[in-house]
Amino acid sequence: MVSTVIKNWDNKNWLSSKDYIESFNKFLTKKIKLNSKSKILDIGCGRGKILGNLSSKLRLKNKPLGIDITNHKDKDKRIEFKKINASKFFLKNKNKIDLILIKQTIHLLNLKEIKRLLILCKKNLNQNGKILIFTLDNDKNELPTFKLMKTKLDKSLKRDKKILKLVTKLFLCKKSKFIYKVNINKKKYLRMIQKRFISTLLPLTNKELKKGMSEINYEYKKNIKFSDKLICLML
């Protein structure tokens with residue numbers, strides 16, 4: 001598994017807002033039938049806010065399980081959290097799962113690791129269980145970027161295309177899109193960039209980041225509006 005740690009992807013931004021989480025879970029529950037007895041796993045759960053909301057929405061009898069390589073102090077108390085590598089988790093797991101969620105984390109793995117992980121996921125599903133993989137839309141992405149960030153993001157999205165091709169080649173998949181309309185204050189978005197909320201920002205130097213923030217500040221108005229688009233593959 002990748003050793004890269006992204007601590008701020010779901011921290012105090014639209015991805016952690018109540019409206020985003022409820023919209024996402026509404027999309028989720030339309031894709032797969034779940035009930036109070038469903039067993040759910042989120043790989044790369046972050047703070048577990050999506051799982052926590054889903055647990056309350058479905059009144060789950062069993063706490064949903066979230067695994068991540070970072071143990072956040074402010075993680076949701078409605079989930080059972082394990083700081084563990086996903087592959088290691090599955091080697092020890094004895095319970096079949098109804099839904100395995102992999103949201104915007106699969107790109108952090110190499111192709112060999114992705115294939116191994118998905119095979120393990122399939123083996124750990126109940127008979128009618130599903131895997132839902134979410135990645136950034138690689139064709140019509142609207143994420144606000146500065147010049148260097150866009151170059152890095154475009155390179156990452158090209159790799160995402162390869163990942164999607166690999167997954168669809170290995171497994172029978174249904175493809176759809178989740179779209180959320182974002183309206184965020186520019187200052188708040190600049191703070192997100194400063195905290196490197198997306199993996200493409202991690203390699204940048206402080207100088208490059210500062211220059212990029214100046215570009216965003218010049219290019220965009222007080223409020224930034226765009227559509228956050230995710231591709232969903234259901235296996």
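Which strands does α1 lie across? I opened the predicted model to check. I found α1 lying across β4, β5 (125-136), β6 and β7 (223-234). Against β6, α1 runs at about 170°.

**Entry: the sheet**

I traced the strand order next. The sheet is open and has seven strands, in the order β3-β2-β1-β4-β5-β7-β6. I noted mixed pairing. From one strand to the next, the twist averages 20°.

I then asked which strands stand at the edges. They are β3 (80-83) and β6 (174-185). Each has a single partner strand, so one side of each is left without a neighbour in the sheet.

**Entry: β1 and β4**

I looked up how β1 (residues 40-43) joins β4 (residues 97-103). I got four bridges, and the two strands run parallel. I also checked what Asp-42 faces: Leu-101 in β4 stands opposite.

**Entry: α1 and α2**

I went back to α1, now for its packing on α2. I located helix α1 at residues 18-31 and helix α2 at residues 49-58. Their axes are 10 Å apart, and the packing angle is about 65°. I logged the crossing of α1 past α2 as right-handed.

Which residues make the contact? From α1 I listed Ile-21, Glu-22, Phe-24, Asn-25, Leu-28 and Thr-29. From α2 I listed Lys-49, Ile-50, Asn-53, Leu-54 and Lys-57. I sorted the contact of α1 with α2 by class: five residues are nonpolar, three polar and three charged.

Methods. Residues are numbered from 1 along each chain as its sequence is written. This is a predicted model: local features need pLDDT of at least 70, side-chain atom pairs count only at pLDDT 80 or more; totals for chains, interfaces and linings use all residues. Side-chain values use heavy atoms; hydrogens and water are left out. Axes are lines fitted to C-alpha atoms, for helices over the stretch in contact, and angles run from 0 to 180 degrees between N-to-C directions. A crossing is left-handed if the near helix is turned anticlockwise from the far one by less than a right angle, and right-handed if clockwise. Contact means heavy atoms within 4.5 Å. Ala, Val, Leu, Ile, Met, Phe, Trp, Tyr, Cys and Pro count as nonpolar, Asp, Glu, Lys and Arg as charged, and the others, Gly among them, as polar. Two strands pair if DSSP finds at least two bridges between them.
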